[in-house]
Amino acid sequence: MMRTSKTDKTLWALLLCVFSILPLHAGTTLPLKGTFVSPADKHIKYVGRISFQNPERPAWNYPGTQIIAAFKGTQAKLVCKPGSGYFMAQIDQAEPFKVAFRGQRDSVVTLCTALADGVHTVRLMYTIEGYEMNPEFWGFVFDGPVVDAPSLPARNMEFIGNSITCGYGNEAMNSSDHFEYETENHYYGYAQLTARALDAKASIVARSGIGAYRNYNGPKTGNPESHMPVQYEYTAYAYDTKLRQEPGLHGEKWDFSRFTPDVVCINLGTNDLSTSNYDTQLLKKGYQRLLKMVRGHNPKAKIVFLCGSMLTGKELGICKQLLNEVCDEAHKAGDEEVYRFDFSPSKGSLKYGADYHPSVWQHELMAAELTAFLRTLMQWW
């Protein structure tokens, strides 16, 4: 094994410092073959809750964030903050593949080489929950000019949820496996599968363990500082009040004018009811508070409360009953655009992912069920 000397380490540190202070503008030439394209370049398109407080370092931490660009050339590289996590990448209409930024020096990943010379499209989707990694997109390196990215779908969907919506453990092979970033793949979760089937853009507000009033195994009185009705107002997830009070990504209030959903799907309650220490009336109030908040920001959207697919028995019945009550009471109050939908409960015939979460096959079933329901509801044929 070749050892690295102290001098070599110093040289590497200097190179990294030089790289970090290079002016990031379109046309900047890095010590890489090609031309650097800044995240602020007008040709790049984005989907999701992204902070542009620093336009050269757009940041986020929800899964499903998308970056789309096109270029004329034969090869492309992606530049991100080291440790940003996992993306699914797709070049033109080829099979998507996973790319990773996990090491301390993983800042550049080659996406494609030796393509036919011409115009190509790069589509990226962040596949994990990034609140521990705080990912940042730093730009592309192409061997030719950046051009306008293809038009994005006109239909807009928003998904509000927990680990099921995130895609927790859907690529794990055994229910006894526990959470690992390597086996969480939101790209193959029901939310994105549904959005792609309906030719829609999807913005995601989801985090494992979160509830409508009480997070996983939280106190009976709830988690009022970190449940979804609090988090929904912000650009990114922040796990405590202190973070939300600090400047930067976690304290940034979301500008709801940036994305107007046609339909909002809310899939919460599994964590509220996951352990026996729950209060059904507080959960109902949590649903009602979230509904009021979502409706206030999206006055014309259809709102669909989802149930499933992990709950069973008594708790499944409670969840359905409470959601039916919330929906019925909304109708009586004059809001006719609130709806209900139940996924088929997971029974193991399609196997389980980590910690008994839905497998990729269960997510496919969930997506098929929800797609059929939304096609009719939205008249999206």
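Analyst: Contact means heavy atoms within 4.5 Å, and helices (H or I, at least four residues) and strands (E, at least two) are DSSP runs, numbered from the N terminus. The model is predicted: local features need pLDDT of at least 70, side-chain atom pairs count only at pLDDT 80 or more, and totals for chains, interfaces and linings use all residues. Residues are numbered from 1 along each chain as its sequence is written, and side-chain values use heavy atoms, without hydrogens and water.

User: What covers the buried residues of α7?

Analyst: The cover includes α6 (280-297), β14 (302-307) and β15 (338-342). Among the buried residues of α7 are Leu-316, Cys-319, Leu-323 and Ala-330. Seen down the axis of α7, the buried residues fall within an arc of 165 degrees (taken from the directions from the helix axis to the C-beta atoms), so they line one face.

User: Why does Phe-341 count as buried?

Analyst: Buried means under 20% relative accessible area, exposed over 50%, and partly exposed in between (1.4 Å probe, protein chains only). Phe-341 has 12% relative accessibility, so it counts as buried. Phe-343 is buried too, at 4%.

User: What makes the pair of Phe-341 and Phe-343 edge-to-face?

Analyst: Rings of Phe, Tyr and Trp (its six-membered ring) pair if their centres lie within 6.5 Å; planes under 30 degrees apart count as stacked, over 60 as edge-to-face and the rest as tilted. Here the centres are 5.4 Å apart and the planes stand at 85 degrees, so the pair is edge-to-face.

User: How is the pair of Tyr-232 and Phe-256 classed?

Analyst: With 5.3 Å centre to centre and 45 degrees between the planes, this pair is tilted.
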